[in-house]
Amino acid sequence: MNLTLKVWRQNGPSDEGRMVTYKVEDVSPDMSFLEMLDVLNERLILAGDDPIAFDHDCREGICGMCGMVINGVAHGEQRATTTCQLHMRHFADGAEITIEPWRAAPFPVVKDLVVDRSAFDRIIQAGGFISVPAGSAPDAHSVPVKKDDADAAFDAATCIGCGACVAACPNGSASLFTAAKITHLGLLPQGQPERDSRAKAMVEQMDLEGFGGCTNTGECTAVCPKGIPLDTIARMNADYLKASK
Amino acid sequence: MSDQTHGYKVGEPIRDTKAPEGPIEDRWDKRRFSAKLVNPANKRKINVIVVGTGLAGGSAAATLGELGYKVKSFCYQDTPRRAHSIAAQGGINAAKNYRGDGDSVYRLFYDTVKGGDFRARESNVYRLAQVSVNIIDQAVAQGVPFAREYGGLLDTRSFGGAQVSRTFYARGQTGQQLLLGAYSALERQIAAGTVEMHTRHEMLDLVISDGRARGVIVRDMVTGEIETHLADAVVLATGGYGNVFFLSTNAKGCNTTAIWRAHQRGAMFANPCYTQIHPTCIPVSGDYQSKLTLMSESLRNDGRVWVPVAKGDTRKAADIPEEERDYYLERIYPAFGNLVPRDIASRAAKNVCDEGRGVGPGGLGVYLDFADAIARLGRDAVEKKYGNLFEMYERITGENPYEQPMRIYPAVHYTMGGLWVDYDLQSTIPGLFVVGEANFSDHGANRLGASALMQGLADGYFVLPTTVGDYLAGATKFGDVDPEAVEQARDAVQQKIDKLLSVNGTRTADSYHRELGKLMWDYCGMERTEESLRKALERIPELREEFWNNVKVPGDPEGLNQALERAGRVADFFDLAELMCIDALHRTESCGGHFRAESQDADGEALRDDENFAYVAAWEWGEDGPTLHKEVLDYEYVKMTQRSYK
C-alpha cells in the first residue's frame, strides 16, 4: 500500500505547530498503525530529519500510552481499538490519513503527537482509591460481592486512562474517565466508606484541571477503546449530588 | 582460577544468602522479628528512591510511603499506571485452597521449586508461597474486581504446571487490575505527600558513596536535563530484559539500562541466561514487526494444541480430519496434556515446526483450537472466559478464532535472571535492593504461569518494606554523599549521551537492535549449543563496535528525543547480550528455560546436571571480562528429581 500522511508537527508547547505531509510507500496491510509510523521514522532519521514523536509502550492495547486523532477520530475509526492495535488492513491503498494529537486545554502538547495527561493522575489522587494500607486487609472471602456488581465494577475498571474520551468530547470533558473510577469503586462493598468523599473530591479536581462539563453527547463512549458505558456518568452525577447535599 | 576458553574468571563462592535457619515454615517469621525497626519520627527523615512503577515498584513505593518514609518514585512512562505489569493477562497464584482441592502453602512452594527445575532457593520460594495469601486479601480490599461466582466468592482457574485451581483472575486483564490497585495506593501516597513522583524520567546511573547505594542519575525525558537524586537506599523495580531479543512480549520501552548500570557499579548479575519463551504468542507476520503479543496461557485450559500429522500439509485447519491431526502435548504428556509448563510447551512447538509440521506463513506456528470447548460449553461461555483475548487475536491477525483455530508460536516473555539478591532482596551493593522481575530470586530456571504477579506484589507489599527497614535502621550513621562520586556518575552519563549524538553514522539504533535480537534468538534462544553460543560471542562484539562507530542518532541532548532514549538502551543491551551468552555457554546442562541441545535425555527432554550445576551463577562485572561466583543451592525439603509431566 502507498499512503499520504498529514501529521501534526509541533516542536514544544510554545511552538505554533503545523500539518506536514509525508508519503509512505510499501506499507503492508498486516502492519499496525504504529509500525507504519516506525517505518516512516526510520526513514526520517536516515534523511537527517526529526522523527515524529509519539507516545506508545505496550503495543497490545492495555497500557493506554498511545493515542492519536486519526482522520478526525480518537484512535481512528475502528471501534474498541487503541491506536497500537489498529492495523493498516483497515485503510485503502492510496489513502490520505491525517494524524493529530489529543486536543484539549488540560492536555498541553509536549511535542508533535505527545501530550501531557498528568491531570488524570491528579484526579485519581483526589480520591480514586480505597484507603487500605498494606498488611491490614481481612480475608478476601470475608465480604462476598454479588457477581453482577463485581462484573459491572470490572467493566468500569477496565479504563486504560488513554484520554480518548477527552479528545473526542466537544467540551473537552473528563467525565467518562472520572466516572469510570467512581463507578468501579462505588459498586463494591469495600468502596462504600469513602464513596461520598471520593465522588465529591474527584469531580472537583476534574473541574479544577479545566476539563469541560458533560452535555451527554456520548462521543466519549463511542471512541473508548474499552467501551466504558455512558451510564457511569449518570452514576457519578448521582453520587456527586448526594455527596454535595 | 580462570577459564580461558569461556572468557571468564572464577571467584569466591557466595556462602551466605542471609536466610534464617530452622524449619522452613518459620524462617520468614524469624526474619520479620529479627529485622530492626525504624522509629516513626526517624522515618520522615529517611529517603528511599524506587525506580519503576510496575507491580513490584508501585506497591513498594506506596507501602514505604504508608510506613512514613520519604519516597521518590521514578518511571519512564507519562504516568505510573502504564508499567508493563499492566499487560499480564492470565492471573495470580495464591495458596488459598478456597476450592478445597488439596492446595496448601507447601504445595505452591513445591510446585514452584519443581517448575523452576530445581534452580530456585527453597527459603525464598517458601516465603513467596506464604505471603501469596495476603496478596489476594490486600488486592480485594483495594477493590480489585477479581472474577466471582454467583455466591459472591472468588473464582479461580488452573494454570500450567499445577494440578490444583489456585489462580485468581480478572477476565484476561489480571495484571491491569492488580497494577491499577497498586497505582491507586501509590497515588494516594502522592496526595498524602509521602511519595514524590517523577514521570518521564529514566535512570541512567547509580551513585555509590562509601560503598553504599546513595542515589541515582536520571534524565528528564521532556527537558533532557540530567538530574541527581540522593537517598539512603535505592530500590530497583525496573523489570526484565527480554527486549534484548528485540522481539518479545515486553513493552517497547522495557530495557536493561538501570540494572545493567547497577551491575557495572558492582551489583552481581545472576543467571542471565534463564529466559522464558512463552508458548502461546501470535506468530511474527513480517520484518516490520515491532513486538510480539501474548495470548494468555489460560487459553490452554480449553484450547487444544495441534499440528497436522503430515509434513507440509497446507490444507485449511477445517479440512484436516481428526485422525490426521496430532494433539502432540496430549500425546506426549498425558498427565498434564495442554497444561505442561511453559518451557516444555514452547520446545514441543519448536520441535514440531522443525519437523516441517508447522502451520501458517513460514511454517512457524501451531494451532490452538477451541472447537471442542465451544461444542462442549457453548460459544457464550467461551466468550465470557476469553472474549477479550479472542478480540485481540482477531484485531491483530484479521482471523476469527471462534471459526478457525488460533495460530500461535513461542516468543520471549520473561527473564528469570536478574540482579543477584539475598533473602532480604538486597544486592551485593549495600543499600541497593532489587524487586520483581529485575531480581533473580524466586523462579529458578523457569517461572510458572501466574507467578510473576505474585512475586512482584509479594516483594513490594510484604517483603521489601520489612527488610529495607532493617537496613535503614542504621541510616542516621550513613553520613553525607561524596560529591566526587556524584560528579563521576554524572560525567559518565553525559559522555555517553554526547558520544551517541556525535557518531552521526548511517544506521539507526533500531536497526542494530533488530540485528542483535535476531542473533540472540538464533544463537541464544529456545535451543542453545556450544557452537551457536561461540558464534554469538564472536559476532556481538563486532556488531557493538559497528554500532558505536556507525549509529545515527538525530537531534539534541535537550528536549524530548525518543531516538536518543532508544540508542542508549540498545548500547546496554549489547553488553548484556554478551554476558547472557557467556552464562549460557558455561552452563553445559539443560534446565528449565535454558536448553542446551547437548544435554537432553532419550525423549528430548531437558537433562539437568545436578552434580555440577546446582548453583546460582552470580557474575561480577569487570573491564577485562566477568568473574563467576557460585551460590550452591541446597534442597532440604524438595527432593531433586527429573521433572516429569507425563
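Predicted model: local features only at pLDDT ≥ 70, side-chain atom pairs only at ≥ 80, totals over all residues.
In chain B, five strands form an open sheet in the order β8-β4-β3-β12-β20, and their pairing is parallel. The edge positions are taken by β8 (195-198) and β20 (432-434) of chain B; each has a single partner strand, so one side of each is left without a neighbour in the sheet. From one strand to the next, the twist averages 20 degrees. Within this order, β3 (residues 47-51) and β12 (residues 233-236) of chain B run parallel and are joined by 4 bridges. B:Val50 has B:Val235 in β12(B) as its bridge partner.

A further open sheet of chain B consists of 3 strands, ordered β9-β10-β11 and paired in the antiparallel sense. Here β9 (201-209) and β11 (226-230) of chain B stand at the edges, and because each has a single partner strand, one side of each lacks a neighbour in the sheet. Neighbouring strands of this sheet are turned against each other by 25 degrees on average, direction ignored. The antiparallel pairing of β10 (residues 212-220) of chain B with β11(B) extends over 5 bridges. In β11(B), B:Thr228 is the bridge partner of B:Ile217.

Helix packing was examined in chain A. Two packed helices are described by the angle between their axes and the distance between the axes. For α2 (residues 118-127) and α6 (residues 195-208) of chain A, the angle is about 155 degrees and the axes lie 7 Å apart. Because angles over 145 degrees count as roughly antiparallel, α2(A) is roughly antiparallel to α6(A). The crossing of the two helices, α2(A) and α6(A), is right-handed. On the side of α2(A), the contact involves A:Arg122, A:Ile123, A:Ile124, A:Ala126 and A:Gly127, which meet A:Arg198, A:Ala201, A:Met202, A:Gln205 and A:Met206 of α6(A). Classified by residue type, the contact between α2(A) and α6(A) comprises 6 nonpolar, 2 polar and 2 charged residues.

Charged pairs were also counted. Side chains of opposite charge can pair when their charged atoms come close. Over all chains, the count comes to 70 salt bridges. A salt bridge links the side chains of A:Asp50 and A:Arg9, with an N to O distance of 3.6 Å. A:Asp50 is located in the loop between α1 (33-46) and β3 (69-70) of chain A, whereas A:Arg9 belongs to strand β1 (residues 3-9) of chain A, so the pair ties together parts that are 41 residues apart in sequence.

How values were computed: Residues numbered from 1 in each chain as written. Chains lettered and ligands numbered in written order. Heavy atoms only, no water. Pairing = 2+ DSSP bridges. Axes fitted to C-alpha atoms, helices over the stretch in contact; angles between N-to-C directions. Parallel < 35°, antiparallel > 145°, perpendicular 65-115°, else oblique. Left-handed = near helix turned anticlockwise from the far one by under 90°. Contact = heavy atoms within 4.5 Å. Nonpolar A, V, L, I, M, F, W, Y, C, P; charged D, E, K, R; others polar. Salt bridge = Lys/Arg side-chain N within 4 Å of Asp/Glu carboxyl O.
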